Amino acid sequence: MKDIKKENLMDKIVSLCKRRGFVFPGSEIYGGLSGTWDYGPLGSELKFNIKQEWWKTMVKDRDDIVGMSASILMNPKVWEASGHVSGFNDPLIECKTCHQRFKADQKDVILEHEKWHKEKKGKVDWTELKKFNLLVEAKVGVVEGEKNTVYLRGEITQGVHVNFKNILNSSRLKIPFGVAQIGKAFRNEITPGNFTYRSIEFEQMELQYYVKPDKNESMKQYEFWKNLRIDWYKSLGIKPDNLRFREHKKDELAHYAKAAWDVEYKSPFGWKECEGIHHRGDWDLSRHQEYSGQDMSYFDEETKEKYIPWVIETSGGVDRAALFFLIDAYSEEKDRVVLKLNPKIAPYKVAVFPLLANKPQLAKLARKIYDDLKKQFMTAWDDRGNIGKRYYSQDEIGTPWCVTIDFESLKDKKVTVRDRDSMKQKRVPIKELSEYFRERLENYV
Ligand code: GAP
């Protein structure tokens, strides 16, 4: 495998994403909109697969967690209660010379900007530090002049907490239990960048896990979720050396957090946050109780105790996960580029090729195999160019297996299955193909 320079790697990923239909710049034909990205056919499959895997681990495989899907727009009082209107701020400084704005804690970007001015023999002068609120505003209502300002949610979290009582009353859940959700969030980021890493519109996948208000019990749960989350990334193929935990210092903690650790990924632009695990204490439910006047407590039938539960949160970004899975999977070997994605998240699982497109017998059998496989796996069809080019084209988008139907197949009812990672080829009976792929899909390491 070639050693790819870090600075080149990002360019290569961005270019591959555009060329092969993973990610396009948002509203490109109108000159774009900074910090927005559109996922193409392959990117949307990748994201869908990541979300499915997350949902399986966090909801389907568990008895103590349910899912929900809250609305993006909420009563603006929610955001006053949650502390986002007053406390969801980034420190902002502005360059007095060119009026570009920066997040004051991004020291390397600021130094880069100063260097740029100095090279042009310009002056470097900064404004005082200001607080910049990240909530994105929108207007709702039908009468001009009487429209109400609402916020596009800055985190998907609050939709769960405001429904705490609804969920309790409509289920038989007992503490400890969790509510999982996946959805869009929006932030007026001062400096969106590093491709999809920091965008103004992005998707989160979160668990709000309600526990007894007890230090030992909550820390036990905290440790459990912290470890489960880092293991999830590893189980889907991220190299363990490229993952680490980082604890937030006291002055870094978000307004709601008692404790916070990030799962970080070693990206070409440094160690970067992928997911946060937060101890939110009773912040959310207490504040909603105070601001709404509704009782948000939990009654424990067994101990006859009434209390406001504490919350352990795992909050990951779907876009960041997709980007880091892509970066981690990218490799160059001799004359081919391969995305060694775990088959579970690869956009296509199988590609089917007739050896020669202009031989009706081959095309007919290949089509039949394709139609059968398509019912069970995301399957691609390719009959252009030579087989070598077709293999390389599928390698570049991470398709784990290619099936070639040749003249021999018409006689022995077997096809050639080529493995993406080893490039080894094997003859497999047509009637065993589904089982062959299913088994490998489940047991890929
Ligand atoms: N509810 C807690 C919360 O929102 P956060 O650390 O602000 O916590 C959680 O965000 C995750 O959401 C981050 O770890 C990251 O994966 C993702 N995220 C946050 N801001 C983002 C942005 N501007 N662009 C892309 N993903 C973002």
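For this tour, Ala, Val, Leu, Ile, Met, Phe, Trp, Tyr, Cys and Pro count as nonpolar, Asp, Glu, Lys and Arg as charged, and the others, Gly among them, as polar. Keep that in mind when you colour the shell around the ligand: it has ten charged, eight polar and four nonpolar residues.

Before you click further, note that this is a predicted model, in which local features need pLDDT of at least 70 and side-chain atom pairs count only at pLDDT 80 or more, while totals for chains, interfaces and linings use all residues. Residues are numbered from 1 along each chain as its sequence is written, and side-chain values use heavy atoms, with hydrogens and water left out.

**The whole protein**

Zoom out and switch to cartoon. You'll find 14 helices and 23 strands; these are DSSP runs numbered from the N terminus, helices being H or I with at least four residues and strands E with at least two. The C-alpha trace spans about 75 × 75 × 50 Å along its principal axes. Of the 445 residues, 50% count as buried, where buried means under 20% relative accessible area, exposed over 50%, and partly exposed in between (1.4 Å probe, protein chains only).

**The ligand**

Now select the ligand and what surrounds it. Which of the 22 residues around the ligand come nearest? They are Glu155, Thr157, Glu189, Glu206 and Glu273; a residue is near a molecule if one of its heavy atoms lies within 4 Å of it.

Show side chains next. Glu155 has a polar side-chain atom 2.7 Å from a nitrogen atom of the ligand, and Glu189 has one 2.8 Å from a ligand nitrogen atom. Then pick Gln204, where a polar side-chain atom lies 3.0 Å from an oxygen atom of the ligand. On its own the ligand has 560 Å² of accessible area, and the protein covers 94% of that (Shrake-Rupley method, 1.4 Å probe).

To see where the shell comes from, colour strands S10 (201-211), S13 (270-281) and S16 (310-317), the elements that give two or more residues to it. S13 gives the most, with six residues.

**The second largest pocket**

Move on to Gln52, Glu53, Lys56, Lys344 and Glu442, which lie nearest the centre of the second largest pocket among its 21 lining residues. A pocket here is an open set of points on a 1 Å grid over the protein atoms alone, where a 1.4 Å probe fits, with protein on both sides within 12 Å along at least five of seven lines; lining residues have an atom within 4 Å of a point. About 510 Å³ of space lies in this second largest pocket, a volume being the space filled by probe spheres set on the points, which are joined across faces, edges and corners.

Colour helices H2 (41-60), H8 (215-235) and H14 (433-443), which each give two or more residues to the lining. H2 gives the most, with nine. By class, the lining divides into nine charged, seven nonpolar and five polar residues.

**Some backbone stops**

Most residues other than glycine have a negative phi, and most peptide bonds are trans. Here are some departures.

- Select Ile175 and Pro176: a cis peptide bond joins them, with omega about 5 degrees. Pro176 sits in the loop between helix H7 (164-169) and strand S9 (177-186).
- Select Ser27, whose phi is positive at about 45 degrees. Ser27 lies in the loop between strands S1 (23-25) and S2 (37-39).
- Select Phe195, with a positive phi near 60 degrees, in the loop between S9 and S10.

Buried or partly exposed: what are Ser27 and Phe195? Ser27 is partly exposed at 36% relative accessible area, whereas Phe195 is buried at 9%.

Technical notes: Polar contact = N/O pair within 3.5 Å; in protein donor to acceptor, adjacent residues only side chain to side chain.
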